[in-house]
Amino acid sequence: MTKAAKTIRQIAGKEPITAALVLGSGLSAIGEGLADCITIPYAELKGFPGGGVSGHGRDLLIGTMGGKRIAVLTGREHYYEHGNAAAMRPALETMAELGAQTLLLTNSAGSVDERLRPGDLMMISDHINYAGMNPLIGEATDRRFTNMVDCYAPELRAKAMDIAERRGLHLGEGIYLWYSGPSFETVAEIQMAIRLGAQAVGMSTAPEVILARFLGMKVWACSSITNMGAGLSSENISHEHTKTMAVAGADKLKQLIPALVEEL
Ligand code: HPA
């Protein structure tokens, strides 16, 4: 068992967790939905994200959501911070060791599809690893040859769509293209993403999905659309804008995710 898993069990108790939830830029409010919440700073957990990016938390929360015991990672480490695609591996391994069979991921993303507007949610149906980095490079076992078909669990997507329809929440669905960042895309790169068949672009999530599938976890992921991709609208794309615009998506995710966790 990892040192971090031992620390978490000492602080929060040994009862297993059902799922882990990772919060993206400006989406910290989703963690407020956790009851009986125990907060553990990442600094106390070996291998968990260090430095951090503004708009992201630096705590692990353990508590109850949708009647289930879950862990919430209030911030992630991105590839663009240190050039390490496997940066989230220790944290995700710890989640698996604590019993998480499902990983729920959120992020902020730019839309490259006119039908998905800022404030909308886009559930991820598949991804394109355009950054070209893979967190399993260096893994020595044959498990590195991880199958990525249906890596965004079809049954969880169907459940989420059903919940959204029942609650009158508009939930789009589409393909997420991972650009490394941290600079935003050029206008030409956004045009390329459109031609490659993506509906949204962002700087995270894909490596975590690869790691989660490697670890045997089911995955569900959703983007909060904060802006149209470069050149598709007159808005000024910036990290400040992302954090401000994430609020609308966070409000919807606050309704959707607990209902989904209830059905896990
Ligand atoms: N591009 C990449 N990542 C993002 C964007 C974007 O336009 N918006 C929010 N995260």
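A polar contact here is a pair of N or O atoms within 3.5 Å; within protein, one must be able to donate a hydrogen and the other to accept it, and residues adjacent in sequence count only if both atoms are side-chain atoms. The model is predicted, so local features need pLDDT of at least 70 and side-chain atom pairs pLDDT 80 or more, while totals for chains, interfaces and linings use all residues. Numbering starts from 1 along each chain as its sequence is written, and side-chain values use heavy atoms, without hydrogens or water.

Ligand first. A backbone N or O atom of S108 lies 3.2 Å from a ligand nitrogen. For G110, again a backbone N or O atom, the distance to a ligand nitrogen is 3.4 Å. T226 uses a polar side-chain atom, 3.5 Å from a nitrogen of the ligand. Alone, the ligand exposes 260 Å², and the protein buries 96% of that (Shrake-Rupley, 1.4 Å probe).

Now the shell, meaning residues with a heavy atom within 4 Å. Among them are F184, E185, M203 and T242. By class, the shell has four nonpolar, six polar and one charged residues, with Gly counted as polar. Which strand gives the most? β5, with three residues. β5 (102-111), β8 (200-202) and β9 (218-228) each supply at least two (strands are DSSP E runs of at least two residues).

Last, salt bridges: a Lys or Arg side-chain nitrogen within 4 Å of an Asp or Glu carboxyl oxygen. The count is eleven. One of them joins E32 and K254, at 3.3 Å, N to O. E32 lies in the loop between β1 (19-22) and β2 (35-41), and K254 in helix α7 (residues 239-262; helices are DSSP H or I runs of at least four), so the pair ties together parts 222 residues apart in sequence.
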